[in-house]
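Below are some notes for a colleague who has not looked at this structure before.

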Amino acid sequence: MRKATANIDYTSKDYEAFRSMMLKQLGIKMPEYTDLRQSDAGVVILELLAQGLDIISYYQDTMANEAFLVTAEQRDSLLKWCQMLGYTPRNATPARFNQVFVLSSPQSTDTIIPQGTVVKTYGTSAEPEVLFETERDLKIPAGCLGNEKKSNGDYLYTVSVVQGTSVEGEVLGSSTGAASQKFILNYSPVVVDSVSVFVNEGSGYGQWSRVDNFIDSTTVSRHFTVSVSNNNEATVTFGDGVFGKIPVACEDNIFCCYLVGGGETGNVGKNKIKVLDSNIALVAETFNPDLAYERGQDKETNAEIKRNAPIANRTIWGAITAKDFSDVIKLHFPDVELCTAYYNLDNPDNLDIYVYLKDELELTDEYISRILELFDENAGGRKLVGADELFIYYPEFVPVDFTIDLIVKPRYKREDVEVAIKNYLTYFFRKGNYDFNTDLSISEVATNIMNPKTEIKGIKALKVVSPTDDILTPERGEIYCLGEVVFNTTGGISDEADE
């Protein structure tokens, strides 16, 4: 029996390591082989082998990484993990606005703005136009212009517009009667919730239902799933005959309708949707008077899937710990950028939850109600395991004032250096960048300013005079933000010298 090979370095897995090890073994096994020039035929063969081993090692590492959720990089691998954990990643959703159409003059009969009317933003070289479609007919009564308002200032006649472009009657292809048939949609990015599939099984077209997976599907369930790849390519998949029905074999008997669009690009500002894609008789202007009542969301990134899938699995039966509550909120509300939860000081059976929304959106009473409903057992929400009552608050932003002694290098303007430092501090403390329960190290801030990677030029020396404490610890629900910045600057070139 062959003895086990000893002293193998399993961490040497690249070309140079393999080449060195083989040359070393060559000297041991064949000491008479002394011609180790790169032009030698034996060395050439050895180097080719080292190159092949390097490639094999790369594929081994890649396959090993894809076998674990935390190290996987391919979206297909992450989606398989999601299926195993019972988690459905968030797909891109479109923004929705209330749109106003104004007529050139009042009409003697009702005016109908038809469903599917396309409106858009102005396009520029920096920002391409964003298209929207009306989701229903809008009726402007006879004698009205369409811009009439209610007593509270809201417009009386509005219609919902959704960001995207409709694709109607796209033929997916023919069913072969095989299990788990897949069909790729022609356009992207697809709003998954908008996909409708129709199948002709010999008695006319019937609509099938989209499901997240086939776990609850039977042999007669007319179900399909939609998956989105890394490059936003959407694929419709049918059942295998056991979990989900197989469409009857027939020529060109499957077609679908869907919306192309979605994502945060649709979150435009007020009065930005002002262009009619094609002229409509009698319509003088159109606009969106408010921000989106339903914001568009990008599809869940790979990094978000790695974070959210374990959370969803851990809290599938409800939230227990304080961290569970904050994690569940971030999981179900993509607009939530920062969230933390504390057990109430007066009543440990209650929870105080602090929520900060992206883009400094307002934490309205309606939004708070939606969060509370998520945990309301009576409303079909997740069971309240870890707390009796929840209270939602907006965080308190605590300004930190800086006094900085600064020495500027010769030939650099003092004001330019000061502005660069203040811009960095503004970026560092921008809302949403600095989290709850995070200690602030003043010496770390000073080190970051001096770091060459920060690219602030002209600093000869810098000292933070205040705050005097090096470590600042926030209270419950507090987040540090930038206050006043005062410089005591010497050296360099002053503005007075320029004058």
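1. A charge counts as sitting over a ring if NZ of Lys or CZ of Arg is within 6 Å of the ring centre and within 35 degrees of the ring normal. In this predicted model, Arg-370 lies over the face of Tyr-367, at 4.9 Å from the ring centre. Phe-397 has the charged end of Lys-431 over its ring, 4.5 Å from the centre.

2. The structure contains 20 aromatic pairs. One of them joins Phe-183 and Phe-238 edge-to-face, with 5.9 Å centre to centre and 80° between the planes. Phe-183 belongs to strand E8 and Phe-238 to strand E12 (residues 234-238), so the pair links parts of the chain 55 residues apart.

3. Phe-325 and Phe-375 form a tilted pair, because their ring centres are 5.0 Å apart and their planes are at 40°. Phe-325 is in helix H5 (residues 322-332), while Phe-375 is in the loop between helix H6 (365-374) and strand E18 (389-393), so the pair ties together parts 50 residues apart in sequence. Phe-325 is buried at 0% relative accessibility, and Phe-375 is buried at 1%.

4. Which residues form one aromatic cluster? They are Phe-402, Tyr-424, Phe-428, Phe-429 and Tyr-434.

5. Leu-185 is in the loop between strand E8 (182-184) and strand E9 (190-200). Leu-185 is buried, with a relative accessible area of 5%. Leaving aside residues up to four places away in sequence, its contacts include Glu-170, Leu-172, Val-236 and Tyr-258.

Terms used: Residues numbered from 1 in each chain as written. Predicted model: local features only at pLDDT ≥ 70, side-chain atom pairs only at ≥ 80, totals over all residues. Heavy atoms only, no water. Helix = DSSP H or I, 4+ residues; strand = E, 2+ residues; numbered from the N terminus. Buried < 20%, exposed > 50% of the residue type's maximum accessible area, 1.4 Å probe, protein only. Contact = heavy atoms within 4.5 Å. Phe/Tyr/Trp six-rings, centres within 6.5 Å; stacked < 30°, edge-to-face > 60°.
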